[in-house]
Amino acid sequence: MSHPINRREALKVMGLGMLSTCVPALPAYASAKKAKKAKRLIFYFSATGNSLYVARQIGGKDATLLSISQEIHNENPVYEAEEIGFVNPVYCFIPPTIVQEFIARSTFKADYLFAVATFGAHSTIYPEFFDNLARERGMKMNYISCIQMVDTYLPYFDIERELADPKIQRIPEAVAAVVAAINSRQNYILPVTQQDRMLCDGYYRGSGRDRKHPTKTRSEKIVFSTDACIGCGICTTLCPHGSWKVVDGKSVAQGECENCLSCVHNCPQKAISIIPTPPEPEEPNRNARYRNSHVTLADLIKSNSQILR
Ligand SMILES: Cc1cc2nc3c(=O)[nH]c(=O)nc-3n(C[C@H](O)[C@H](O)[C@H](O)COP(=O)(O)O)c2cc1C
Ligand code: SF4
Ligand code: SF4
């Protein structure tokens with residue numbers, strides 16, 4: 001849930017950043033090889049833990065979970081398993097750029113294919129978009145669904161209000177239903193309505209964002225560190241594009257960016273601010289930050305770090 005400064009955890013993770021010996025090298029390619037024989041292989045992307053939590057629930061004890069932020073570097077991205085799934089957040093009603101790019105460059109062979117997205121307010125056309133993306137790669141999806149959780153998009157959502165929303169109480173039931181559906185190999189694609197399409201069209205007309213890669217940007221355009229930065233380096237180890245570096249004791253954002261806001265949510269000093277992208281408003285509550293309560297900072301670093309690969 002919303003996480004105040006957790007000094008012990010921050011120090012532990014700082015240790016990970018400075019002494020990479022504390023974290024075993026990420027087993028991206030080794031695990032991909034092993035995964036070829038896996039019964040269920042789940043690819044996930046997660047900036048604040050919701051999708052990682054859901055991926056773990058679907059994975060149970062036996063599945064192999066692979067982080068897309070690591071697997072995107074696999075030079076031989078051919079994956080085979082009895083069941084293959086994708087779990088990630090909804091960004092502007094579609095999958096994050098990194099997820100789209102990973103799917104576009106990889107080959108997946110499985111008897112049963114599923115995709116589950118986590119979202120905060122509206123998933124609208126997501127199932128249709130994902131289905132088409134998969135078709136372009138010659139895959140016929142068996143199951144696509146979405147689970148409503150905390151909305152992490154800070155310009156529109158105050159995390160304190162999100163955590164008090166009755167939707168939070170419905171998460172365990174929603175996750176259990178998705179797990180049961182996938183375990184019984186249900187064939188189901190969440191329907192997209194005309195109203196969903198209108199909502200999505202209205203958003204893209206108003207925001208002027210690119211319809212295929214709406215959140216692909218540069219980190220220096222959307223985030224900056226304030227005077228509260230202590231140069232701990234957590235943002236540098238956490239970013240899925242490695243787009244932060246500490247210069248003279250202060251963190252500076254520069255490089256490719258997913259707009260995932262992982263750096264903003266997980267900075268222990270709350271020292272990262274968002275640069276408003278008109279017509280979006282300024283974030284309503286700078287003090288409220290979020291990480292899924294089942295997921296640790298170390299889990300996110302292990303999933304996304306480009307420095308500790
Ligand atoms: C850049 C960005 C765009 C988002 N767009 C949407 C959206 O279109 N619809 C929605 O319901 N939630 C949206 N969200 C909220 C996330 O989909 C949601 O909070 C998700 O569970 C976060 O997953 P994670 O914790 O695994 O990163 C967005 C979040 C971000 C950071
Ligand atoms: S911005 Fe935050 S996470 Fe990054 S170095 Fe500064 S204090 Fe640490
Ligand atoms: S700079 Fe921040 S928002 Fe951009 S990709 Fe890195 S962690 Fe995500």
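## Helix 5 and its cover

Let's start with helix 5 (residues 97-105), whose buried residues are Thr97, Ile98, Val99, Phe102 and Ile103. Buried here means that 20 or more other C-beta atoms lie within 10 Å of the residue's own, while 12 or fewer makes a residue exposed and anything in between partly exposed, with C-beta atoms placed from the backbone. Helices (H or I, at least four residues) and strands (E, at least two) are DSSP runs, numbered from the N terminus. An α-helix has 3.6 residues a turn, so residues three or four places apart point the same way. The cover over the buried residues of helix 5 includes helix 4 (68-71), strand 4 (83-89) and helix 6 (126-136).

This is a predicted model, in which local features need pLDDT of at least 70 and side-chain atom pairs count only at pLDDT 80 or more, whereas totals for chains, interfaces and linings use all residues. Residues are numbered from 1 along each chain as its sequence is written, and chains are lettered from A and ligands numbered from 1 in the order in which they are written.

## The chain as a whole

Stepping back, the chain has 13 helices and 14 strands. Of its 309 residues, 40% are buried. Among contacts with a separation of 6 or more, 79% join residues 24 or more positions apart; two residues are in contact if their C-beta atoms, placed from the backbone, lie within 7 Å.

## Isoleucine 42 in strand 1

Isoleucine 42 is found in strand 1 (residues 40-44). Is isoleucine 42 buried or exposed? Isoleucine 42 is buried, because 24 other C-beta atoms lie within 10 Å. Leaving aside neighbours within four places in sequence, isoleucine 42 is in contact with Ala55, Ile58, Gly59, Ala63, Leu65, Gly85 and Val87. Leucine 66 is 24 residues from isoleucine 42 in sequence, and their C-alpha atoms are 6.1 Å apart.

## Helix 3 against helix 8

The axes of helix 3 (residues 50-59) and helix 8 (residues 171-183) come within 9 Å and cross at roughly 45°, so helix 3 is oblique to helix 8. Axes are lines fitted to C-alpha atoms, for helices over the stretch in contact, and angles run from 0 to 180 degrees between N-to-C directions. Angles under 35 degrees count as roughly parallel, over 145 as roughly antiparallel, 65 to 115 as roughly perpendicular and the rest as oblique.

From helix 3, Val54, Gln57 and Ile58 meet Val175, Val178, Val179 and Ile182 of helix 8. By class, the residues of this contact are 6 nonpolar, 1 polar and no charged. For these classes, Ala, Val, Leu, Ile, Met, Phe, Trp, Tyr, Cys and Pro count as nonpolar, Asp, Glu, Lys and Arg as charged, and the others, Gly among them, as polar.

Ligand 2 is surrounded by 14 residues, with Cys229, Cys232, Cys235, Ser251 and Cys267 the closest; by class, its shell has 9 nonpolar, 5 polar and no charged residues. Around ligand 3 there are 14 residues, of which Ser219, Cys239, Cys257, Cys260 and Cys263 come nearest. The shell around ligand 3 divides into 8 nonpolar, 5 polar and 1 charged.

## Backbone points worth a look

Asparagine 259 sits in the loop between strand 13 (256-257) and helix 12 (262-266) and counts as buried, because it has 23 C-beta neighbours inside 10 Å. Lysine 270 lies in the loop between helix 12 and strand 14 and is partly exposed, with 17 other C-beta atoms within 10 Å.

The peptide bond from proline 278 to proline 279 is cis, with omega near 5°. Proline 279 lies in the loop between strand 14 (272-274) and helix 13.

## Aspartate 299 in helix 13

Aspartate 299 has its place in helix 13 (residues 297-304). With 18 C-beta neighbours inside 10 Å, aspartate 299 counts as partly exposed. Threonine 48 is 251 residues from aspartate 299 in sequence, yet the two are 9.9 Å apart in space, C-alpha to C-alpha.

Notes: Near = placed C-beta within 6 Å.
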